[in-house]
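I opened the model to look up a few things. My notes follow, starting with a pocket.

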Amino acid sequence: MFKHLLVPVDGSDVSKKSLKKVAALAKADGAAVTLVYVSDPLPPMVYSDSTMGYGITQKEHSKVCEAYAKDVFKKATTALGTSLKVKSLHIANSNLSEGILDGAKKAKADVIVMASHKRTGIKSVLLGSETHEVIVHSKLPVLVLG
């Protein structure tokens, strides 16, 4: 059914648990998998106390994000198993859903497979849902794993 799955990963438990389902789907369809990690391109301001702060340079921030992405990709690839063709893509975008959609376009995926964090109540209203944003703006099918 699908030939190329784009799978957003972030290192969370929800993301890790969904990888078994992703592996089963990819094996059943003989599909390729591209993992995507989206990081914020802007370094945060880190404060040592309330009166004095210091910044992190863009170069340092990029280096840390890249190292973290590699770690997430390594763990996710291990969880998927050795029988799958897995690529990885690190996207820098301050909007997570836009980064995922950009990753889908760059990877030439035919479906986005996402885990849902299942926020409910006031948390879903205040935090929104990145999965919902991807579904609303995607031109590709989006498969949400619970």
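I began with the lining of the second largest pocket. Its residues divide into 5 nonpolar, 2 polar and 2 charged. I counted Ala, Val, Leu, Ile, Met, Phe, Trp, Tyr, Cys and Pro as nonpolar, Asp, Glu, Lys and Arg as charged, and the others, Gly among them, as polar. L101, A104, K105, A109, I112, H137, S138, K139 and L140 line this pocket. On a 1 Å grid over the protein atoms alone, a pocket is an open set of points where a 1.4 Å probe fits, with protein on both sides within 12 Å along at least five of seven lines; lining residues have an atom within 4 Å of a point. I noted about 200 Å³ for the space in the second largest pocket, a volume being the space filled by probe spheres set on the points. Helix α3 (residues 96-107) gives the most to the lining, with 3 residues. Helices (H or I, at least four residues) and strands (E, at least two) are DSSP runs, numbered from the N terminus.

A note on the source: this is a predicted model, where local features need pLDDT of at least 70, side-chain atom pairs count only at pLDDT 80 or more, and totals for chains, interfaces and linings use all residues. Residues are numbered from 1 along each chain as its sequence is written, and side-chain values use heavy atoms, with hydrogens and water left out.

Next I traced the sheet. It is open, has 5 strands in the order β5-β2-β1-β6-β7, and its pairing is parallel. Two strands pair if DSSP finds at least two bridges between them. β5 (86-92) and β7 (142-145) are the edge strands, each pairing on one side only. β1 and β2 share 5 bridges, and V7 stands opposite L35 in β2. β1 (residues 4-8) and β6 (residues 111-115) pair over 2 bridges. There, L6 has I112 of β6 as its bridge partner.

Is β2 buried or exposed? I found 8 of its 8 residues buried, so β2 is largely enclosed by the rest of the structure. Buried means under 20% relative accessible area, exposed over 50%, partly exposed in between (1.4 Å probe, protein chains only). A32, T34, V36 and V38 are buried on one side of β2, and V33, L35, Y37 and S39 on the other.

Last, I checked S94, in the loop between β5 and α3. S94 counts as exposed because its relative accessibility is 55%. Beyond its neighbours within four places in sequence, S94 is in contact (heavy atoms within 4.5 Å) with D40 and P41. S94 and V38 are 56 residues apart in sequence, yet 8.2 Å apart in space, C-alpha to C-alpha.
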